[in-house]
Amino acid sequence: MIQELKTSYGHLFEDALINEILQVGTFKEVPEGYQMMDIGSYIKGMPLLVSGAIKVLREDKNGDELLLYYLEKGETCSMTMTCCMGQTKSEIRAIAETDAKLIMIPIRKMEEWTSKYKSWRNFVFESYHNRLNEMLHTMDSIAFDNMDERLLNYLKDKVRVNNSSTLKNTHQEIAYELHSSRVVISRLLKKLENIGKIKLHRNYVEIINLD
């Protein structure tokens, strides 16, 4: 665990902070598909992702989801930090995209470390910056890109975070995450298959070449 933590965060945090994280943090392993956080729940700790990937989603009033961004090794969720510090309910849903390992940091330590460790303060600010940019990218994609482009970028991100050319997602699941309809997504996936970029199977998509 020590080596995994140092590999993921050693370039960001000084040794004293790494040691404190090991002392107070709670190590967790979660399987693919595990719901780590839901909308309306209170958050008791902040996750530091050691391996794997987590997808963060929003939900509209009809219960339809929209994928906001992925969290990967060496990252955390700024929206989680906001809820922790303000002791407010979560406005996001977080689900393990892959099997993942993480360390949960107690709320009481977050504020203490902000004043105690410059590296932690920088990490928190950079996390806010990165997540804001990712959400702006999502908003720009919805506002300015057509669904063909959004689907193509979605598939590229999936391949990257899963490190696999086989995506175990149904057309309906993809439609949910892109806040679209299954009919539209199925039509666009078929279009990509016809030009040789992907191959469709019953419950998964095989990526051939998305360049």
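Which residue forms a salt bridge with D148? In this predicted model, local features need pLDDT of at least 70 and side-chain atom pairs count only at pLDDT 80 or more, while totals for chains, interfaces and linings use all residues. Residues are numbered from 1 along each chain as its sequence is written, and side-chain values use heavy atoms, with hydrogens and water left out.

The partner of D148 is K191, with the closest N and O atoms 2.9 Å apart. A salt bridge here is a side-chain nitrogen of Lys or Arg within 4 Å of a carboxyl oxygen of Asp or Glu. D148 lies in helix α6 (residues 147–162) and K191 in helix α8 (residues 182–194), so the pair ties together parts 43 residues apart in sequence. Helices (H or I, at least four residues) and strands (E, at least two) are DSSP runs, numbered from the N terminus. D148 is partly exposed at 33% relative accessibility, and K191 is partly exposed at 46%. Buried means under 20% relative accessible area, exposed over 50%, and partly exposed in between (1.4 Å probe, protein chains only).

By the salt-bridge rule, the count comes to 18. Another of these joins E75 and R131, whose closest N and O atoms are 3.5 Å apart. This pair links distant parts of the chain, 56 residues apart: E75 is in the loop between β5 (65–72) and α3 (78–86), and R131 is in helix α5 (residues 118–144). E75 is partly exposed at 22%, whereas R131 is buried at 1%.

Within helix α6, R160 and D157 lie three residues apart, about one turn of the helix, and their side chains meet in a salt bridge (3.6 Å, N to O). Finally, a network of salt bridges links E20, K109, E112 and K116.
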